[in-house]
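Please open the structure in a viewer and keep the selection panel at hand. The stops below say what to select next and what is to be found there.

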Amino acid sequence: MVQFDRDGENIRTSRAIYLGLRDQIATGVYAVGDRLPSTRALAEELGVSRTTVTAAFEQLTSEGYVHVRHGARAVVAGNVAASSDISRLTRPSSTGRLSAYAARAMELPSIVPSATGPLDHDFRYGDVAPGDFPKLAWRKSLGSAVLAHRDKLSYGHPAGSPALRQALQGYLWRARGIRCTAEQIVIVNGSQQALDLCARVLVDPGDKVLFEEPCYAMARNVLVTLGAVPTAINCDEDGLDTSSLPDPAGYALACVTPSHQFPLGGVLSIGRRRQLVEWATAGDAFIVEDDYDGEYRYDVRPIPPLYLAGRGRVIYVGTTSKILSPTLRLGYLVLPEPLIEPFVLCKQIMDRHTSMFEQEALAKFIESGGYERHVRKMRRANAERRGIFLDAMVAAFGEKIEIIGTSAGLHVVVWFNEFGRRDEQNIADTARHNGIGVYPVSRLYSNPVERRAGFIFGYASMPIRQIPSGVDRLRQVMAQQAASSAVFDAGA
């Protein structure tokens with residue numbers, strides 16, 4: 001009787017393994033030609049006998065899902081096509097109850113571009129060229145960090161690697177004139193986590209927060225999702241229009257990009273900086289300064305960070321995403337001293353700490369001087385890209401466009417005089433269909449108004465030789481769009 005129960009259990013287990021592998025093949029987890037795990041490895045992983053797993057593989061083989069050769073792992077058969085039937089049957093009928101946080105996130109407009117495969121020319125902002133990444137130098141720094149002697153591998157300090165915080169202290173003084181202690185620096189997973197951490201520490205649901213209009217949408221999304229009530233203040237060539245600042249009562253935070261307003265490129269003037277700091281001081285609020293591309297200045301001298309005049313009300317956010325790569329997810333905060341303890345505690349609760357190997361590699365890269373040499377190299381390379389892009393746009397469109405925000409950063413905004421805001425998405429869709437990625441500026445406004453069509457053009461991720469041809473193909477798309485509009489208007 002016991003033996004029968006054991007055999008019955010083995011049969012049920014073998015059936016469950018067979019069904020699990022079959023479903024993964026049917027849904028494309030294992031594609032045609034992929035090798036399945038070995039029967040020995042799968043048996044050890046699942047804690048069952050190899051005989052039980054072998055029975056499941058024999059069933060898959062008999063039904064034509066896999067091919068098996070003696071001494072080799074099973075391979076998915078060539079006549080098996082992935083199907084969505086199984087996933088559709090097993091998919092829950094609803095998401096269930098969502099938290100208020102998730103519900104607010106679901107209500108936000110998506111800013112993720114649709115996946116339509118690789119583009120021939122992609123003017124996406126925020127990306128950097130793969131060829132610009134210092135592969136050899138980074139590999140050396142990372143290898144050195146991994147091979148360094150350690151008594152044990154353990155959790156690190158939530159504020160970050162002491163070596164990296166010390167290295168950044170010196171770098172920030174040299175590059176941005178910021179004088180701070182290493183203890184004021186907290187390492188985070190990119191500027192996005194920095195913004196999220198600021199929101200969690202300083203903002204409660206229902207608190208008011210101030211944003212630029214237009215602004216970095218992910219910053220606005222972080223705070224709105226956490227229940228903050230946003231106020232948008234228009235920006236011009238001098239940055240945030242501080243003459244429109246509301247009464248500071250009830251405001252917890254203001255998020256700004258004073259050295260290179262995103263996306264319009266304005267620089268917050270000295271007078272407006274003073275007014276913003278006075279506003280925050282009067283309301284006991286803090287200012288988050290996102291210095292996302294402070295290393296890239298071309299036609300003007302470097303702009304001092306707002307942090308220097310912040311009177312302890314400014315939180316400085318920096319990132320390596322525009323210098324090295326956004327894939328590394330390495331950023332940092334420079335905090336007023338009273339905020340150090342709550343930020344470190346909340347960072348620990350969020351994710352313990354940022355990956356220590358990458359932190360130590362960046363510390364070694366900075367200490368060696370390689371990081372600043374790379375900054376200078378990237379500044380020259382992107383200045384060249386910028387010049388070629390601007391020349392190509394002027395040659396292609398002439399007085400039909402206005403380009404702003406050209407003195408710094410890795411992107412510009414281009415206004416197209418012949419088109420309106422409502423044309424933006426149609427132009428972007430048509431361009432994408434023709435292999436060109438362009439990105440409407442409207443998605444960065446909280447209150448879109450009638451105006452010219454505008455697009456954000458990033459140029460840092462494109463090989464220099466592709467920029468002129470990309471602009472020329474865009475010119476053709478815009479000409480087709482203008483002709484279509486003229487025909488439509490004539491018909492009307």
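Two strands are said to pair if DSSP finds at least two bridges between them. Helices (H or I, at least four residues) and strands (E, at least two) are DSSP runs, numbered from the N terminus. The model is a predicted one, in which local features need pLDDT of at least 70 and side-chain atom pairs count only at pLDDT 80 or more, while totals for chains, interfaces and linings use all residues. Residues are numbered from 1 along each chain as its sequence is written, and side-chain values use heavy atoms, with hydrogens and water left out.

**The eight-stranded sheet**

Select strand β5 (residues 208-213) and strand β6 (residues 229-236): they pair in the parallel sense over six bridges. Within this pair, K208 stands opposite V229 in β6. Extending the selection gives an open sheet of eight strands with mixed pairing, in the order β4-β11-β10-β9-β8-β5-β6-β7. Its edge strands are β4 and β7 (239-240), each of which pairs on one side only.

Move to Q184, in the loop between α7 (162-176) and β4 (185-188). Is Q184 buried or exposed? Q184 counts as buried because its relative accessibility is 8%; buried means under 20% relative accessible area, exposed over 50%, and partly exposed in between (1.4 Å probe, protein chains only). Leaving aside neighbours within four places in sequence, Q184 is in contact (heavy atoms within 4.5 Å) with Y307, L333, V334, L335, P336, E337 and I340. E341 is 157 residues from Q184 in sequence, yet their C-alpha atoms are 9.7 Å apart.

**The cysteines**

Select the cysteine sulfurs. With a disulfide taken as a pair of cysteine sulfur atoms within 2.5 Å, the count comes to zero. For C255, the nearest cysteine sulfur is that of C198, 7.3 Å away. C255 counts as buried, at 9% relative accessibility. C346 is likewise in no disulfide, the nearest cysteine sulfur being that of C198 at 11 Å, and C346 counts as partly exposed at 26%.

**The four-stranded sheet**

Now display the open sheet of four strands, ordered β12-β13-β16-β15 with antiparallel pairing. β12 (401-404) and β15 (439-440) stand at the edges with a single partner strand each, so one side of each is left without a neighbour in the sheet. Strand β13 (residues 411-420) is joined by seven bridges to strand β16 (residues 452-458); there, W415 has G454 as its bridge partner in β16. Helix α14 (residues 424-433) lies across β13, β15 and β16, and runs at about 45° to β16.

Finally, select F389, F416 and F457, which touch the most other members among the 74 residues of the largest nonpolar core. Such a core is a set of buried Ala, Val, Leu, Ile, Met, Phe, Trp, Tyr and Cys residues joined through side-chain atoms within 4.5 Å. Helix α13 gives the most to this core, with nine residues. Apart from it lies another core of 31 residues, including A199, V203, V209 and F211.

R386 is in helix α13 (residues 370-397) and counts as buried at 11% relative accessibility. Residues up to four places away in sequence not counted, R386 touches Y298, D299, T406, S407 and Y459.

Technical notes: Axes are lines fitted to C-alpha atoms, for helices over the stretch in contact, and angles run from 0 to 180 degrees between N-to-C directions.
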